[in-house]
Amino acid sequence: SFDEVPGRYKVRDLSLAEAGRHQIRLAEHEMPGLMALRAEFGASQPLAGARIAGSLHMTVQTAVLIETLVALGAQVRWASCNIFSTQDEAAAAIVVGPHGTPEDPQGVPVFAWKGESLEEYWDCTEQILLWPGSNGAEGANLILDDGGDATMLVHLGLQYERLGTVPPDTLPGEPDHTHEMNVVRSVLRRALAADPLRWTAVADQLLGVTEETTTGVHRLYQLAESGELLFPAINVNDSVTKSKFDNKYGIRHSLPDGINRATDVLMGGKVAFVAGYGDVGKGAAEAFRGQGARVIVSEVDPICALQAAMDGYQVARIEDVLGEADFFITTTGNKDVVTAAHMTAMKNKAIVGNIGHFDNEIDMAGLAQVPGITRTEIKPQVHEWTFPAADGEEARSIIVLSEGRLLNLGNATGHPSFVMSNSFSNQVIGQIELFEDSKRPEGERTYERQVYRLPKVLDEKVARLHLDALGVRLTELSKSQADYLGIPVEGPYKPEHYRY
Ligand code: NAI
């Protein structure tokens with residue numbers, strides 16, 4: 001059952017709002033960056049006139065982001081960017097708003113609940129782009145995306161509209177995700193039947209997108225390279241204060257959180273296999289090591305493989321460790337990293353999970369097709385897959401978390417507030433940048449149909465906003481020291497190519 005007013009909101013249960021509000025209040029204390037931006041920009045209202053369509057995990061931390069955007073003047077509509085990642089109490093609190101009641105909700109339209117079907121997921125994504133009564137004329141003018149699904153829906157919608165039909169086969173820009181793409185197609189087919197120019201209207205309004213994650217940014221660069229990107233994009237992920245913090249330290253916290261809440265299996269003394277040693281893989285490996293596990297990493301990039309080795313991890317291929325590892329975690333943003341054949345050969349009761357953005361890292365469809373396999377629900381988002389027993393042997397099984405979707409958000413509540421305050425401060429600054437730039441006369445604008453990172457001074461500003469809360473006393477450069485290094489006293493302190 002749902003609490004729903006069509007076009008206004010659709011969440012699990014508005015009576016959860018009070019519980020959500022308490023969590024939001026505590027999270028605000030842990031999100032000094034967002035609260036500082038409210039203090040800095042609350043009076044000047046830089047987002048007045050902005051209509052933001054947000055597609056990002058509807059958690060408590062995201063609730064603080066949404067209310068920050070509203071405090072800066074924006075109108076907002078929100079959906080989650082994953083079927084399992086919504087915290088229903090946070091969604092309820094946002095719909096009710098700080099001053100409303102469940103009987104008289106006064107907050108922001110949210111279309112999200114934990115455990116959506118794929119059909120429901122794409123309906124919700126469509127809902128954030130279609131503002132009621134607007135017929136597209138006053139639709140969303142900015143997207144705040146995580147993984148690029150809202151951005152993709154607009155691009156595909158427009159492509160299909162130009163063709164006058166939704167073709168059955170893959171178009172450029174479509175992910176390699178056959179079942180899910182069929183769902184997207186059906187949403188677009190319905191939209192096209194209702195209004196043959198809907199996506200033209202939506203796309204015409206859009207001034208830009210800020211993108212949260214590695215995978216979404218990757219899609220944006222592909223669109224920009226092929227000349228198909230419809231509006232300017234800010235790559236929030238590659239702010240240093242995002243990917244070097246959220247992707248690494250956030251995962252270091254939320255990966256073990258997800259595994260513990262799902263299974264409560266001890267990590268100490270066990271063998272953990274981590275596929276990928278990028279920012280997320282580094283955080284994942286460190287988390288396992290911190291718990292006393294022996295960690296084995298796989299990589300395709302020789303630089304990252306060498307880093308892993310220097311950090312003291314064994315580097316191997318998954319094939320080499322199938323009978324050895326107790327945990328298999330994918331962090332690559334790539335597809336087909338754990339295959340059905342791999343899973344068939346894993347140790348009994350091995351725990352398998354993904355923490356990369358999409359669920360195609362683990363071949364769940366292939367696993368379901370293994371002859372004789374059975375699936376037992378231990379609890380939601382925790383499934384035991386049992387292989388048929390060979391003669392005279394006991395049946396072996398593996399435990400798969402969140403059906404192969406990102407387990408830190410499916411089995412737990414994602415990253416903690418403090419690290420998300422860094423990521424989301426970049427998001428807010430990115431939204432302000434795009435919106436202010438769009439008000440300048442054409443020809444005087446900074447942002448074209450390309451992908452941009454925020455300037456380093458703003459990145460440094462986000463870090464600065466988080467120092468006091470941790471008791472950090474920063475050393476100040478003297479003028480003569482600054483001159484000696486050839487940098488301004490107030491920063492930026494590093495050249496663009498510096499890697500941290
Ligand atoms: P990254 O690009 O820094 O790291 C990915 C690494 O995987 C690269 O070093 C790459 O060489 C390696 N890789 C690619 N294919 C591989 C294969 N077949 N076997 C072994 N290694 C392989 O990306 P980052 O920032 O670490 O993100 C990884 C994924 O996690 C992305 O999908 C991103 O969107 C997602 N993400 C998820 C978060 C969460 O809360 N669950 C938070 C942040 C990012």
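# Notebook: strands, domains and a few residues

**Entry 1, β10 and its partners.** I began with strand β9 (residues 271–275), which pairs with β10 in the parallel sense over 5 bridges. Two strands count as paired if DSSP finds at least two bridges between them. Helices here are DSSP runs of H or I with at least four residues, strands are runs of E with at least two, and both are numbered from the N terminus. Before going on, I noted that this is a predicted model, where local features need pLDDT of at least 70, side-chain atom pairs count only at pLDDT 80 or more, and totals for chains, interfaces and linings use all residues. Residues are numbered from 1 along each chain as its sequence is written.

How does the chain get from β9 to β10? β9, α12 and β10 make a right-handed β-α-β unit. Right-handed means that, with the strands pointing away from the viewer, the path from the first strand over the helix to the second runs clockwise.

On to the next strand: β10 also pairs with β11 (residues 314–315), in the parallel sense over 2 bridges. Here isoleucine 296 has glutamine 314 in β11 as its bridge partner. The chain reaches β11 from β10 through helix α13 (residues 302–310), and this β-α-β crossover is right-handed too.

Why is β10 largely enclosed by the rest of the structure? I found that 4 of the 5 residues of β10 (residues 294–298) are buried, so the strand is largely enclosed. Buried means 20 or more other C-beta atoms within 10 Å of the residue's own, exposed means 12 or fewer, and partly exposed is in between, with C-beta atoms placed from the backbone.

**Entry 2, the whole sheet.** I then wrote down the strand order of an open sheet of 8 strands with mixed pairing: β11-β10-β9-β12-β13-β16-β15-β14. β11 and β14 (374–379) stand at the edges with a single partner strand each, so one side of each has no neighbour in the sheet.

I also checked β16 (residues 397–401), where 4 of the 5 residues are buried, so this strand is largely enclosed by the rest of the structure. β13 (residues 350–354) pairs with β16 in the parallel sense over 3 bridges, and alanine 350 has isoleucine 398 as its bridge partner there. β15 (residues 382–386) runs antiparallel to β16, joined by 5 bridges. In that pair, threonine 386 stands opposite serine 397.

Is glycine 281 buried or exposed? It counts as buried because it has 28 C-beta neighbours inside 10 Å. Not counting residues up to four places away in sequence, glycine 281 touches Val274, Gly276, Val297 and Thr331. Contact means that the C-beta atoms of two residues, placed from the backbone, lie within 7 Å. I also looked at glycine 356: glycine 281 is 75 residues from it in sequence, and 9.3 Å from it in space, C-alpha to C-alpha.

The UniProt annotation "binding site" (unreviewed entry) covers Thr59, Asp146, Glu212, Lys242 and Asp246. UniProt positions are given in the numbering used here, feature names are shortened, and annotations may be inferred rather than shown by experiment. I looked up two of these residues.

Threonine 59 is in the loop between β3 (51–55) and α3 (60–71). It counts as buried, with 25 C-beta neighbours inside 10 Å. Leaving aside neighbours within four places in sequence, threonine 59 has contacts that include Thr413 and Gly414.

Aspartate 146 is in the loop between β6 (142–145) and α6 (149–163). It is buried as well, with 26 other C-beta atoms within 10 Å. Beyond four places in sequence, the contacts of aspartate 146 include His57, Cys81 and Glu212.

UniProt (unreviewed entry) also places "domain: S-adenosyl-L-homocysteine hydrolase NAD binding" at residues 247–414. Over that stretch the chain is 33% helix and 22% strand, and the end C-alpha atoms are 11 Å apart.
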